Amino acid sequence: MPRTALRICPLCEATCGLTLTVEGARVTGARGDRDDVFSKGFICPKGAAFGAVDGDPDRLRTPLVRRDGELREATWEEAFDAVAAGIRAVVDEHGANSVGVVLGNPNVHTVAGGLYPPVLLAGLGTRSVFTASTVDQMPKHVSSGLLFGDANAIPVPDLDRTDHLLLIGANPLESNGSLCTAPDFPGKLKALKARGGTLTVIDPRRTRTARLADRHIAVRPGTDALLLAATAYVLFEEGLVDTGELAPYLQGIDELREAVRDFTPEAVAGTCDVEASEIRALARELAAAPTAAVYGRIGSCTVPHGTLASWLVDVLNILTGNLDRPGGALFPQAATDRTPRPAGPSHGFALGRWHSRVSRHPEAKGELPLSALAEEIDTATEEGEPIRALVVAAANPVLSAPDGNRLDKALGSLDFMVSVDPYLNETSRHAHVVLPPPPPSQSPHHDFAFNTLAVRNQVRYTRPAVPLEPGRMAETEIFARLILAATGMHGADPTAVDDLVIGQTLGRAVKDAHSPVHGREPSELSAALAGDTGPERRLDMMLRLGPYGDGFGVRPDGLSLTRLLAHPHGIDLGPLRSRLPQPLKTRSGKVELLPRPIADDLPRLREALRHKADGLVLIGRRHLRSNNSWMHNVPALTGGTNRCTLHIHPEDAERLGLKDGGAVRIKGAGGEVVTEAEVTDGVRPGVVSLPHGWGHDRPGTRLGHAAKDPGVNVNQLLDGSLLDPLSGNAVLNGIPIKLAAVATL
């Protein structure tokens, strides 16, 4: 008989609650959970296809170990024996930094990915760390670190209460939101308009989101920071700055005024392809709104001035008095956040504490640019050892990083590589060991990362909807055993990893005068933890020590795992609320409006005023039914509009002799690809758009459906040399390219 089970969807950042239909051990259906405290029944096509994603026949079911040059099925014991031998040999001979770690986007969608990578990195002691952040949102982390002292203190728009929402480089009707966890983002935008609010969208494409807007500004790609700086200039020039209750928490407003004085609307108009009058109207409307929120995403991050654009998003929120107030942009507070500490000066945020070996890129947030991974493997220098071994967790950088062909070759030269991945994909095919986690239905779920970005404070947890299949290993145990094997403790009980973290965390907590357990005995607290597994005990500890927690009995009505399990649809913790100055960790204890690294980068933005790029430029695009390269192997999520075509404006197509449906060759600094042209007025003249995550045509993979319609790898058009210097983020938008018609695909 079919049964139902609850599950939080792990397929995008919206984190919607699902009600699954389960027959035996198979998920046969998924619908929105109407009682979910956060998503209230909303579901998108990805969530509806949960069963198909979960049951993909190409998912690996047993470990693979390379023998005689071929990946072959192996036991878990054989796999971890190989990991221990492979990694430790490299560390012992060449040092910790010769082992690289690459963490992909899916890690933040799982319990294991949220809990174990920090332990792995600490145990290895390597500085060769690369993640998907540097092809996505690292500029926002850096700007938040510089402004607020904490790279993870990211304000999110108060969608349910704002009167004016300004989106730049964001298309939430198709992405479901990012760095802004919001189930039913489309419904929230429609509700904004229904209550008389205003939606403004800045985007070179007329996206589904832009079509809903009251004002759509089709900016030239890559000029986002100039447009935002000019908007700030108008606020100062016309006396529209009103920081309101923020004033006591701000430092450097006079210096900020001076810093933007060259970016007049008239000065930036030609470069941005936006009329000066429209920029002035934008600033006036933003200042006049009772409440407003400015929100920027990947389109404004993956550009040459991504950190400056991200900084200016919050500068506009601050200058209009909309930071940290209802209806503006506020700091969420997740249930697993650390115990709040009193406000005051703190350690601040630093960039460039070390540098990459070859191109000397500065680290940001403990990471090096993913664009530099290939050269860190294949290039010898006098500055230490190259990367000789790699741990890759849920990442496919051959498709997601620039110049995948070079990286593809570099991965083949490694002494050892281990991938934690459910698929044999374009990257994991190079591994010496592949450790496949079970499908999501067989795993627990709590959103450690996304609840820190949620538009409403809430907490939810779901246990596995389906028992672990025989022969499978829980993803949490895979990571625990990987940590032990990689750090010289191979063969130890994997529960030792969780016990170590619990002991260390409680040991610090009892010494912290601000902790609710100050002065208590760690062993007593550890014995009181609830949960059937080590990860559940860690979640219970984090909840009880967190801002809403019971403090191990200090606050009887507070959160704990036991209480959370009694509320299977989650617990609502209320709307976002003003929190300043508590989130600030700057050295001054204030919002530092013009940090030195930002000021030092502004001359580069002024230089951009002199240049208006000629010719066509390339931007990416998102599809509602995919998430990066994850889901192209699921038939229900491909086809239709989810295709790898080049969008081009009719004027450009006619000038170049391109036909709708015809083949087109695209050339960039890193190479060329051939794909199908799709003529549409959804992009502005001078701009073409190609989605990323495609290019499933390499041998040695096991992605049967994706290989039938592989598409092309847009990142092969990049040579990896274009980076935002402050964050190390790859420049993926506004790339100069050349097009030519070809006879056939």
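How many helices and how many strands does the protein chain have? Then take strand 9: how many of its residues are buried?

Analyst: This is a predicted model, in which local features need pLDDT of at least 70 and side-chain atom pairs count only at pLDDT 80 or more, while totals for chains, interfaces and linings use all residues. Residues are numbered from 1 along each chain as its sequence is written, and side-chain values use heavy atoms, with hydrogens and water left out.

The protein chain has 26 helices and 29 strands (DSSP runs numbered from the N terminus, helices being H or I of at least four residues and strands E of at least two). Its C-alpha trace spans about 65 × 65 × 60 Å along the principal axes. In the protein chain, 73% of the contacts with a separation of 6 or more are between residues 24 or more positions apart, a contact being heavy atoms within 4.5 Å. The accessible surface, from the Shrake-Rupley method with a 1.4 Å probe, comes to about 26,900 Å², and carbon and sulfur atoms hold 50% of that area.

Now the part in question. Strand 9 covers residues 164-168, and five of its five residues are buried. His 164, Leu 166 and Ile 168 point one way from the strand, whereas Leu 165 and Leu 167 point the other way; all are buried.

Two pairings involve this strand (two strands pair if DSSP finds at least two bridges between them). With strand 10, residues 198-202, strand 9 pairs in the parallel sense over five bridges. Strand 13, residues 293-296, also runs parallel to strand 9 and is joined to it by four bridges. Ile 168 takes part in both pairings: its bridge partner in strand 10 is Ile 202, and in strand 13 it stands opposite Gly 296.

Elsewhere in the chain, helix 22 (residues 534-545) contains Asp 540. Asp 540 is buried, with a relative accessible area of 1%. Apart from neighbours within four places in sequence, the contacts of Asp 540 are Ala 528, Leu 529, Ala 530, Ser 560, Leu 561 and Thr 562.

Technical notes
Buried < 20%, exposed > 50% of the residue type's maximum accessible area, 1.4 Å probe, protein only.
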